[in-house]
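Visitor: Good morning. I would like to go through this structure with you, and I may jump between topics. Could we begin with a term I keep meeting?

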Amino acid sequence: MALWITDECINCDVCEPECPNQAISMGAEIYQIDPLRCTECVGHFDEPQCVQVCPVSCIPVNPSYVETPAQLLAKFRGLHGGDVAEASTPSPLLGPTLPA
Ligand code: SF4
Ligand code: SF4
């Protein structure tokens, strides 16, 4: 399923930059999730990143967009045109920073 943002959203701006699919944007009053772009982070992360960072826990699943893991994976591929292994493998350029 895609996720959605309830009216408990406090517009803290934290989730938008965390979304790997650019599925989150500011709506008329609160942030919103484009269900056609939300994969529940399948293909990128083990857990939905927006849910991880939201301070008021206002991002439940969207019952109007019931999707299987396979369908979410297909959506991911449609958005990014790559495979999961590629997207999940951390870039060496983004590796851990060595202590000074
Ligand atoms: S679950 Fe992932 S893909 Fe969906 S809106 Fe949240 S951060 Fe974006
Ligand atoms: S993190 Fe939660 S409260 Fe903050 S903008 Fe996103 S949905 Fe709204």
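This is a predicted model: local features need pLDDT of at least 70, side-chain atom pairs count only at pLDDT 80 or more; totals for chains, interfaces and linings use all residues.

Visitor: Then is Pro60 buried or exposed, and why?

Guide: Pro60 counts as exposed because it has 12 C-beta neighbours inside 10 Å, and the definition sets exposed at 12 or fewer. Pro60 sits in the loop between H1 and H2.

Visitor: What does Pro60 touch, leaving aside its neighbours within four places in sequence?

Guide: Pro60 is in contact with Leu3, Trp4 and Thr6 once those neighbours within four places are set aside.

Visitor: Let me step back. How many helices and strands does the chain have?

Guide: The chain has 3 helices and 2 strands. Along the sequence they follow the pattern β-β-α-α-α.

Visitor: And how much of the chain is buried?

Guide: Of the 100 residues in the chain, 22% are buried. As for contacts between residues at least 6 apart in sequence, 68% of them join residues at least 24 apart.

Visitor: How confident is the predictor, by mean pLDDT?

Guide: The mean pLDDT of the chain is 86, and 81% of the residues reach 70 or more. Over residues 85-97, however, pLDDT stays under 50, and the model has 5 contacts beyond four places in sequence for them.

Visitor: Now the ligands. Which residues are closest to ligand 1?

Guide: Ligand 1 is surrounded by 14 residues, and the closest are Cys19, Cys38, Cys41, Pro48 and Cys50. By class, its shell holds 9 nonpolar, 3 polar and 2 charged residues.

Visitor: Which ones come nearest to ligand 2?

Guide: Those are Cys9, Cys12, Val14, Cys15 and Cys54, out of 14 residues around ligand 2. The shell of ligand 2 has 12 nonpolar, 1 polar and 1 charged residues.

Visitor: What about the phi of Asn11?

Guide: Asn11 has a positive phi of about 55°, although it is not a glycine. Asn11 lies in the segment before strand E1 (24-26). Asn11 counts as exposed because it has 11 C-beta neighbours inside 10 Å.

Visitor: Glu8 is in that part as well, I think. What is Glu8 in contact with?

Guide: Glu8 is also placed in the segment before E1. Apart from its neighbours within four places in sequence, Glu8 is in contact with Val56 and Cys58. Glu8 is exposed, with 11 other C-beta atoms within 10 Å.

Visitor: Switching to the core: which residues have the most contacts inside the largest nonpolar core?

Guide: They are Leu3, Cys15, Ile24, Ile33 and Cys50, in a core of 13 residues. Taking Ile24 as an example, its contacts beyond four places in sequence are Cys15, Glu16, Cys19, Tyr31, Ile33 and Cys50.

Visitor: Finally, helix H2. How far does H2 reach from its first C-alpha to its last?

Guide: Helix H2 covers residues 69-80, which is 12 residues, and reaches 16 Å, close to the 16 Å expected at 1.5 Å a residue. Just after H2, Gly81 takes a positive phi of about 65°.

Conventions. Residues are numbered from 1 along each chain as its sequence is written. Chains are lettered from A and ligands numbered from 1 in the order in which they are written. A residue is near a molecule or strand if its C-beta atom, placed from the backbone, lies within 6 Å of it. Ala, Val, Leu, Ile, Met, Phe, Trp, Tyr, Cys and Pro count as nonpolar, Asp, Glu, Lys and Arg as charged, and the others, Gly among them, as polar. A nonpolar core is a set of buried Ala, Val, Leu, Ile, Met, Phe, Trp, Tyr and Cys residues joined through C-beta atoms within 7 Å. A residue is buried if 20 or more other C-beta atoms lie within 10 Å of its own, exposed if 12 or fewer, and partly exposed in between; C-beta atoms are placed from the backbone. Two residues are in contact if their C-beta atoms, placed from the backbone, lie within 7 Å. Helices (H or I, at least four residues) and strands (E, at least two) are DSSP runs, numbered from the N terminus. The expected span of a helix is 1.5 Å times one less than its number of residues. pLDDT is the predictor's confidence in each residue, from 0 to 100.
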